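Me: Could you walk me through this one? I'm new to reading structures.

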Amino acid sequence: MRPAVELSYLDEDSQRDLVDAIDEEVCTPTHAQATGKELVINGETITATTTFIPTEPSGIATVEFTFDSKYITEDTDIVVFENLYKDGKELAVHADIEDKGQTVKIRVPEIQTTATVDGEKEICATEVFTLTDTVEYNTKLQLLLPMHLYQL
């Protein structure tokens, strides 16, 4: 299992025409782009909500998601949908599974290994030997940083 990595994602939701509005709420469920279904990580649906009071008719509300990315085991595109509510009534929806502006790409590092004994794949089990496992890594998007300590 991969080590715990806390992943935070900020979604800035643009709001227009909220004149005289008080205590607006933005609820932002996340979806896996490949399936179109809500994103569930370790049994928990990833969603976030923020409440705000607009000071002008148009503006931006920021919603923050934080979850443990160790449970994402394959490359995943996460798409955020936005629902705007006032007093429990839905006022607006922005839910486009293909919208690149609503999408964050999560990339998982890859490793491959080759195990040998003195360069051989087969040996006789009559002696003490040293098995060498050579690990190749591909860290897409520079997930492993130079001069940082990692453990296999």
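This is a predicted model: local features need pLDDT of at least 70, side-chain atom pairs count only at pLDDT 80 or more; totals for chains, interfaces and linings use all residues.

Me: Ok, how many helices and strands does the protein come to?

Reply: Zero helices and 12 strands. Read along the sequence, the pattern is β-β-β-β-β-β-β-β-β-β-β-β.

Me: What share of the residues is buried?

Reply: Buried residues make up 28% of the 152 residues. Buried is under 20% relative accessible area, exposed is over 50%, and partly exposed is in between (1.4 Å probe, protein chains only).

Me: And what about contacts between residues that sit apart in sequence?

Reply: Take the contacts (heavy atoms within 4.5 Å) between residues at least 6 apart in sequence: 65% of them join residues at least 24 apart.

Me: New topic. Which strand does strand 8 pair with, and in what sense?

Reply: Strand 8 (residues 82–86) pairs with strand 9 (residues 89–94) in the antiparallel sense, over five bridges. To pair, two strands need at least two bridges found by DSSP. Two of the partners: Asn 83 bridges to Val 93, and Leu 84 bridges to Ala 92.

Me: What's between those two strands in the hairpin?

Reply: Two residues, and Asp 87 in that hairpin takes a positive phi near 55°. Asp 87 has that positive phi although it is not a glycine.

Me: Is Asp 87 buried or exposed?

Reply: Asp 87 counts as exposed, because its relative accessibility is 72%. Asp 87 also forms a salt bridge with Lys 86, with the closest N and O atoms 3.8 Å apart. A salt bridge means a side-chain nitrogen of Lys or Arg within 4 Å of a carboxyl oxygen of Asp or Glu. Lys 86 counts as partly exposed, at 24% relative accessibility.

Me: What's the phi of Asp 118 like?

Reply: Positive, about 50°, although Asp 118 is not a glycine. Asp 118 is in the loop between strand 11 (110–117) and strand 12, and Asp 118 is exposed, at 74% relative accessibility.

Me: Back to salt bridges. How many does the structure hold?

Reply: Four. One of them joins Lys 105 and Asp 77, with the closest N and O atoms 3.4 Å apart. Lys 105 lies in strand 10 and Asp 77 in strand 7 (residues 76–80), so this pair ties together parts that are 28 residues apart in sequence.

Me: Which residues are linked with Asp 77 in a network of salt bridges?

Reply: Lys 105 and Arg 107 are linked with Asp 77 in that network. The side chains of Arg 107 and Asp 77 meet at 3.2 Å, N to O. Arg 107 lies in the loop between strand 10 and strand 11, so its pairing with Asp 77 in strand 7 ties together parts that are 30 residues apart in sequence.

Me: Why do charged side chains do that?

Reply: Side chains of opposite charge can pair when their charged atoms come close.

Me: And how accessible is Asp 77, buried or exposed?

Reply: Asp 77 is buried, with a relative accessible area of 17%. Lys 105 is exposed at 51%, and Arg 107 is partly exposed at 22%.

Me: Now Gln 102. Where is Gln 102 found?

Reply: Gln 102 is in the loop between strand 9 and strand 10 (103–106). Gln 102 counts as buried because its relative accessible area is 3%.

Me: What does the side chain of Gln 102 join up with in a polar contact?

Reply: The side chain of His 94, at 3.0 Å. A polar atom of the Gln 102 side chain also lies 2.2 Å from the backbone oxygen of Val 80. A polar contact is a pair of N or O atoms within 3.5 Å; within protein, one must be able to donate a hydrogen and the other to accept it, and residues adjacent in sequence count only if both atoms are side-chain atoms.

Me: Last one: where is the place of Tyr 137?

Reply: Tyr 137 is in strand 12 (residues 131–138), and Tyr 137 counts as exposed at 59% relative accessibility.

Terms used
Residues are numbered from 1 along each chain as its sequence is written. Side-chain values use heavy atoms; hydrogens and water are left out. Helices (H or I, at least four residues) and strands (E, at least two) are DSSP runs, numbered from the N terminus.
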